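This report describes the fold of one protein chain. The sequence and the structure are shown first, and the description follows.

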Amino acid sequence: MAEAFSEPIVHVDMDAFFVEAERLRDSGLRGIPVVVGGRGDRAVVAAASYEARAFGIRSAMPMSVARRRCADLTIVPGDHAWYREVSTRVFGILRDTTPLVEGISIDEAFLDVGGLRHHADSPVEIAERIRGRIRDEVGLPSSAGIASVKLLAKMASEAAKPDGVLHVPVDEQLAFLHSRSARALWGVGEATFAKLDRLGVETIGDIAALPERTLTRLLGPSLGRHLHLLSRGIDDRVVEPESEAKSVSVEETFATDVVGGPALDTELLRLVDTLGYRLHRAGLAGRTIQVKVRFPDFTTVQRSHTLGHATHLSAEILGEARALVAAVVGEGRPVRLLGVGLQGLVATDERQLSFGAPATRDHLEAAVHRVRDRFGPSAVGPAGLRPGPEQPSPGSKEEG
Ligand SMILES: [Mg+2]
């Protein structure tokens, strides 16, 4: 089996997106200082070409200032319908790469490419493939950052611009993070920066050097703790696809960490069983099986596998989920939270679903679910499941 990627998070960000989208339909705008924005007294720069940036023009700057900085500045009014159309093409390429795409804005997204390790040697190869396709099929430049967590992937894409890729290996990420301005850290706005500034903080490394207590006293428990963790490169946010609305998932945070294959497998069996019943109740099947694992240090890993067909069968989901979980957890690593879900849902008549699965299995599971319909969720269950909560645990969630 191909080795897991240590840095599976890719942040793709289009370069000067509005300007480049305008250049797609007006080549006369190429190579010159261009901004997108209004012309009125109160107008601000919505986007600036790199040629305009050379004059010190930045987005959010008043247009009057921008015009003073560059007499030859070309100003193009914004056309959001057009940008959305171009964005849709870009996101089509991203979602063609993996379903684990989380759009952040019209021109940037996070991807979790951890599941693609059988299709590429490295996340860098995947990122270059994506950038190549965006260049060839849409005609636009983009940049990509690759890291183990979202925070660092986003910072890496920023550092890679324009038209570049930056991969931050895990063993270099703290040096990369700590060298950057404290302003670059998520959660540090102007007011927070002003408070940190009084302590002499300039870089993220300076934040990391502060005791957590100092941060929580200065900024409150929530933000203080948040910045304490982020400054150490700890960011447990997973890539959450918008298509989550079209997924069903269950997860559980364990009262005590679960250690060892058999114990974990029992929990997985329970979760898959709950998931299978919900699918049955909702009359749904899906193609992409997804697992989520959180370790005691709060690092969270999400992996998915897409089948060639939609399934609703617990046995089939369990088989795929087992392989995904085993690849993430390895041998004996304690697990704090386990989740399993199904994406790419289709509403389907159950009788049409059992391609690739033995019909008896289908009938058996359907019979079990029907018994539960009549007598309650705990009336019957898969063999091998030890007694447990009758209802889905408090930690479980469902999104429809
Ligand atoms: Mg951008």
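## Overall composition

A residue is counted as buried if 20 or more other C-beta atoms lie within 10 Å of its own. By this criterion, 40% of the 400 residues of the protein are buried. The model is predicted.

The protein contains 14 helices and 12 strands. Of the contacts between residues at least 6 apart in sequence, 67% join residues at least 24 apart.

Strands of a sheet pair through backbone hydrogen bonds, either parallel or antiparallel.

Strand β1 (residues 9–14) runs antiparallel to strand β6 (residues 108–112), and 5 bridges join them. Within this pair, H11 stands opposite F110 in β6.

## The nonpolar cores

The largest nonpolar core has 65 residues, of which V10, V35, A47, L111, L152, A153 and A156 touch the most other members. Helix α6 supplies the largest share of this core, 6 residues. Domain 1 (17–81) and domain 2 (179–230) both give residues to the core, so it lies between them.

Leaving aside neighbours within four places in sequence, A47 is in contact with A16, F17, F18, V19, V35, V36 and S59. A second, separate core of 28 residues includes V291, I317, L324 and V329.

Key: Residues numbered from 1 in each chain as written. Predicted model: local features only at pLDDT ≥ 70, side-chain atom pairs only at ≥ 80, totals over all residues. Helix = DSSP H or I, 4+ residues; strand = E, 2+ residues; numbered from the N terminus. Buried ≥ 20, exposed ≤ 12 C-beta atoms within 10 Å, placed from the backbone. Contact = placed C-beta atoms within 7 Å. Pairing = 2+ DSSP bridges. Core = buried A, V, L, I, M, F, W, Y, C linked by C-beta atoms within 7 Å. Domains from an automatic or database assignment.
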